[in-house]
Structures are given as C-alpha cells and as structure tokens.
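Hi,

Here is the structure I promised to pass on. Have a look, and my notes follow below.

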Amino acid sequence: MTQRKIIIDTDPGQDDAVAILFALASPEEIEVLGITAVAGNVPLALTAKNARIVCELAGKPETPVFAGCDSPMKRRLVTAEHVHGKTGLDGPVLSDPTMDLQEMHAVDFIIETLRSEPEGTVTLCTLGPLTNIATAFERAPDVAARVREIVLMGGAYFEVGNITPAAEFNIYVDPEAADIVFKSGAPITVMPLDVTHKALVTKARNDAFRALATPVGVAVAEMTDFFERFDKEKYGSDGAPLHDPCVIAWLLKPELFSGRKINVEIETGSELTLGMTVADWWGVTDRPANALFIGDVDGDGFFALLTERLARL
C-alpha cells in the first residue's frame, strides 16, 4: 500500500482521540499532513487543545494542529459534554499540551493544502461536524475537485439518530455544512451509526488496550471506560461504539467493511428530522449515487488492527 496523505478534521472527543492515535501509529500507510479542529463535541478552544494533547500522547508533537470554525454555518453550536465530559477527553488524567497551535486558520490550511498537493492525492478524514470542510468548499470552489476522497463519520439510516430520533450528532450540529459536502461532487465514503454500532468496545477488547501497559493503551482504556457508561445505558449494549476509528480503519484495511454506493441527501428544513441523512439504501429514487454508505464491519478484525497499531505508540 502506498502512503496516503490525509487531513484529519476533528472535534475530540474520546473516539476522535483514538482515531488520531490510530492514524499516527500507521506512518507506513498514512501521512498526516495536519489536524484541523472544529467545534462539535466540545467548543473549539477545547477541541484544538485536545487534538494537541493527543499528538503529544502519541509522541508526535511535530504534527501541525490548526483551529477552525467555532460555530456552525447558520446555527448555534450544540455540544455533547453529556457524553464526553466537560473537557471532551474525560477519563484519563492527561497533561496540558506544550506544542503550539498553528497560526493559520484551519480552513485556509485545507484550501492551501488541496491546492499545493497534486490533484487527487489528499484524503479528508472528517470525525466531527463538517463546518471546516464546507467553509473551504464555499470559499474556494476549485478545491472540491482536487480531493482524493472524503471519509466521514456521520449519519445513519437503519440506526436512525443518536442526538435526535432522526439525526446523528455530527450531521445534526451543522446540517447545512453536510449538505454542501454531499453535493460537492467529491468522492465520499460514509461511516454511519449503522456500521460504528457494530464496532463495540466490549470488556475483553478494552482489557486488551489496557494490557498494552503503555501510556497510550492505558489512556485509551480509561477514555473508553468513561464514555461507554453513556452508550451502554442508552443502548443496552455490551460496550460503547468506537465511531471515529472506523474512518482510519477504512484507509488501512477496507476489506473489513462492506456497503453500497447510494444517494444520500441531508435534511436542512424540517424541525422534526433536521440533520437526517436520507439514504436511498434500497434504490427507490432516481437520484444519482453520491456516496459509498458503509453498512457492516468485521468487528474482531477491526479491533485486532486497532490494538496492534496502538501498541506501536
């Protein structure tokens, strides 16, 4: 596999943190050009701080981190401290970062990178609301055609919503941004709740993280210990979904996943279903396919890969 250049756009978030660690642990396959923070799980000041905390935890303080948009394009910010805690990374005790935040705005970095790197070589890995990406596409319409692929965690169809009855959190926070991205023409692969709810951190899988006996392994186990309480109570499941690492696993081992190329539209007008990803899974419309919508994952293979990579840090 040739090394893939990526930008990670993120709102850490414990599962975002695990995804960042996953990518930074895989330098043979993945070159992280930069990490762009967006407001989402917690406000921007915390997501930008948390991204740097995670880079330092991984031993990769040279990774550039950029702060982006602090609110959705047209709405007030909705956050998720009820899931992730007041810091976004509640659970482990982690030191404040010493590495600097880059001076450039995240949106400018995204635009500049897509223009300066060869066309079709940069993948956007989006783990939070799509505000930074949509703002870049609006400000510089030429860059969408230069994207190799957008791999995003967001949306749902059969699993419906996790922040409202109809909507998944990342899409709900900024549905207008999601609408822009899904209409951009860029190749899109979607990791919806339909697949991430099959990537559950059971006790045995979390024990495997802790058994690494490294600062990374212990921190990941403690993060999962914290946020799984919410999902286990909510869903009655054996563990919490590790949503965002599915994005990185797709880059490393796409054969772990299966899905369909379908049309996905974003609801932006209805109070009842705002932020819903209307996924034409059964092909009942004549709307053209605009996304590969993933529906299943080999959970054991996913966690084996993740644990092996985290052990490298």
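Which element gives the most to the lining of the largest pocket? Strand 2 does, with three residues. Before the rest, some housekeeping: this is a predicted model, where local features need pLDDT of at least 70, side-chain atom pairs count only at pLDDT 80 or more, and totals for chains, interfaces and linings use all residues. Residues are numbered from 1 along each chain as its sequence is written, and side-chain values use heavy atoms, with hydrogens and water left out.

Back to the pocket (on a 1 Å grid over the protein atoms alone, an open set of points where a 1.4 Å probe fits, with protein on both sides within 12 Å along at least five of seven lines; lining residues have an atom within 4 Å of a point). The volume of the largest one is about 170 Å³, counted as the space filled by probe spheres set on the points. I30, E31 and V32 are among its lining residues.

Now the strands (DSSP E runs of at least two residues; helices are H or I runs of at least four). Strand 1 (residues 4-10) has six of its seven residues buried, meaning under 20% relative accessible area with a 1.4 Å probe, protein chains only (exposed is over 50%). Strand 1 runs parallel to strand 2 (residues 30-37), joined by seven bridges; DSSP must find at least two for a pair. R4 sits opposite I30 in strand 2.

Last, helix 9 (residues 203-210): R205, N206 and F209 are buried there. Exposed K203 and A204 are on the face turned away from that buried side.

Cheers
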